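Here's a quick look at charged side chains and who pairs with whom. Have the structure open as you read.

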Amino acid sequence: MSKYKDLVKLSTTYARRMNHLSNRIFSEVTRPTNPQSMKVVKMFSEEPIQCRDYVANWYPRHVETGVLAMKLREYGLFRDEHQDFKEEMQRLRALRGKAPPKKGEGKRASKK
């Protein structure tokens, strides 16, 4: 094995071609490059930012939290003052006669 390592270090055409082939097989940079180009190679070889776990799961699970809060409100364990206010406004609107009619009691149903 050491014989092959020494052979690759030589500057013969065969050694350069075998080194090139080895780099292609193991997904390394095939030709010698400057540090600026290696920075680009390293950047493209990393996992994309949007696929990283700490970026993709940065924000809390708003939908699940909202559904949980609604269930707790139904059980009486959570108080949502804004939803209480909206329901109270709908109730007062219905008392004044401004609410939409129930299904089957609209204008078209009264014509018949």
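## A pair to start with

Let's begin with Glu46, which makes a salt bridge to Arg52, with 3.4 Å between the closest N and O atoms. Glu46 is partly exposed, because its relative accessibility of 37% falls between the 20% and 50% cut-offs. Keep in mind that this is a predicted model. In total, the structure holds 8 salt bridges.

## Arg73 and Asp84

Next up is Asp84, which forms a salt bridge with Arg73; here the closest N and O atoms are 2.5 Å apart. This pair links distant parts of the chain, with Asp84 sitting in helix H6 (residues 81-95) and Arg73 in helix H5 (residues 62-75), 11 residues apart.

How accessible are the two partners? Asp84 has a relative accessible area of 24%, so Asp84 counts as partly exposed. Arg73 comes out at 23%, so Arg73 is partly exposed too.

## Arg73 again, now with Glu87

Arg73 also has a salt bridge with Glu87, and the closest N and O atoms of that pair are 3.2 Å apart.

As a general point, side chains of opposite charge can pair when their charged atoms come close.

How values were computed:
Residues are numbered from 1 along each chain as its sequence is written. This is a predicted model: local features need pLDDT of at least 70, side-chain atom pairs count only at pLDDT 80 or more; totals for chains, interfaces and linings use all residues. Side-chain values use heavy atoms; hydrogens and water are left out. A salt bridge is a side-chain nitrogen of Lys or Arg within 4 Å of a carboxyl oxygen of Asp or Glu. Buried means under 20% relative accessible area, exposed over 50%, partly exposed in between (1.4 Å probe, protein chains only). Helices (H or I, at least four residues) and strands (E, at least two) are DSSP runs, numbered from the N terminus.
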